[in-house]
Amino acid sequence: MTACGGKPNKCPDKVKVVNTGFDVSPDKVQLFGARCCSTTQFHLAEQRNDPKCNGIWASSKDPDHQCMTSGTYDDAVAHCAKSNAKLCTCNDLLNKCAKSTGCSLNKEMVWCDP
């Protein structure tokens, strides 16, 4: 699945699904960015002071300060694993829990887990 990285009204309409804000059927070899989340703090992660985020820590950069702005689903999972994190859930992204965590992904579609 993919969702907007931070500003749903600014992401390309061609990949958004009306009423959900995320695309449920991208091919896992298509190229999108990655935003990583965890319930525990990890390198470069930020935590939103918002009850909808349930204490989630988020970052778009790995420990080497590298961004993944265009990769497959497996690339995105590996990118987050470098930080001992996982892909953000689609709800984390829709609730803007990973917004403005780097890599200029606020207006881009990124991989997410259901």
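Where is the place of asparagine 54? Asparagine 54 sits in the loop between β5 and β6, where helices (H or I, at least four residues) and strands (E, at least two) are DSSP runs numbered from the N terminus. The model is predicted, so that local features need pLDDT of at least 70 and side-chain atom pairs count only at pLDDT 80 or more, while totals for chains, interfaces and linings use all residues. Residues are numbered from 1 along each chain as its sequence is written, and side-chain values use heavy atoms, with hydrogens and water left out.

The protein chain contains two helices and eight strands, which follow one another from the N terminus as β-β-β-β-β-β-α-β-α-β. Of its 114 residues, 45% are buried; buried means under 20% relative accessible area, exposed over 50%, and partly exposed in between (1.4 Å probe, protein chains only). The accessible surface comes to about 6100 Å², and 47% of this belongs to carbon and sulfur atoms. These areas were computed by the Shrake-Rupley method with a 1.4 Å probe, and for residues only the protein chains shown count as cover. Among contacts (heavy atoms within 4.5 Å) between residues at least 6 apart in sequence, 64% join residues at least 24 apart.

Four strands make up an open, antiparallel sheet in the order β5-β6-β4-β7. Strands β5 (46-47) and β7 stand at its edges with a single partner strand each, so one side of each has no neighbour in the sheet. Two strands are taken to pair if DSSP finds at least two bridges between them. Strand β4 (residues 36-38) is joined to β7 in the antiparallel sense by two bridges, and cysteine 36 stands opposite leucine 87 in β7.

Helix α1 has four buried residues, Tyr73, Ala76, His79 and Cys80. These cover an arc of only 120° around the axis and therefore lie on the same side of α1; the arc is that of the directions from the helix axis to the C-beta atoms. An α-helix has 3.6 residues a turn, so residues three or four places apart point the same way. The cover over the buried residues of α1 includes β3 (33-34), β4, β7 and β8. Histidine 79, placed in helix α1, has a relative accessibility of 5% and is buried. Apart from neighbours within four places in sequence, histidine 79 is in contact with Ala34, Cys36, Ser60, Lys61, Asp62, Gln66, Cys67 and Met68.

Nonpolar cores were defined as sets of buried Ala, Val, Leu, Ile, Met, Phe, Trp, Tyr and Cys residues joined through side-chain atoms within 4.5 Å. The largest core has 16 residues, of which Phe42, Ala76, Leu87 and Trp111 touch the most other members. At least two residues of this core come from each of α1 and β8 (109-111), and α1 gives the most, with three residues. A second, separate core holds twelve residues, among them Ala3, Cys37, Ala58 and Val110.

Two salt bridges were counted, a salt bridge being a side-chain nitrogen of Lys or Arg within 4 Å of a carboxyl oxygen of Asp or Glu. One joins the side chains of lysine 82 and aspartate 62 (3.5 Å, N to O). Lysine 82 lies in the loop between α1 (73-81) and β7 (86-87) and aspartate 62 in the loop between β6 (57-59) and α1, so the pair ties together parts that are 20 residues apart in sequence. Lysine 82 is exposed at 51% relative accessibility, whereas aspartate 62 is buried at 2%. The other joins glutamate 46 and arginine 48 (3.7 Å, N to O). Both partners are partly exposed, glutamate 46 at 34% relative accessibility and arginine 48 at 23%.

Most residues other than glycine have a negative phi. Asparagine 54, although not a glycine, has a positive phi of about 50°, and its relative accessibility of 64% makes it exposed. Glycine 55 lies in the loop between β5 and β6 and is partly exposed, with a relative accessible area of 27%. Glycine 55 and threonine 39 are 16 residues apart in sequence, with their C-alpha atoms 6.4 Å apart. Leaving out residues up to four places away in sequence, glycine 55 touches Ser38, Thr39 and Gln47. Cysteine 103 has a positive phi near 75°. Cysteine 103 is found in the loop between α2 (90-94) and β8, and is buried at 14% relative accessibility.
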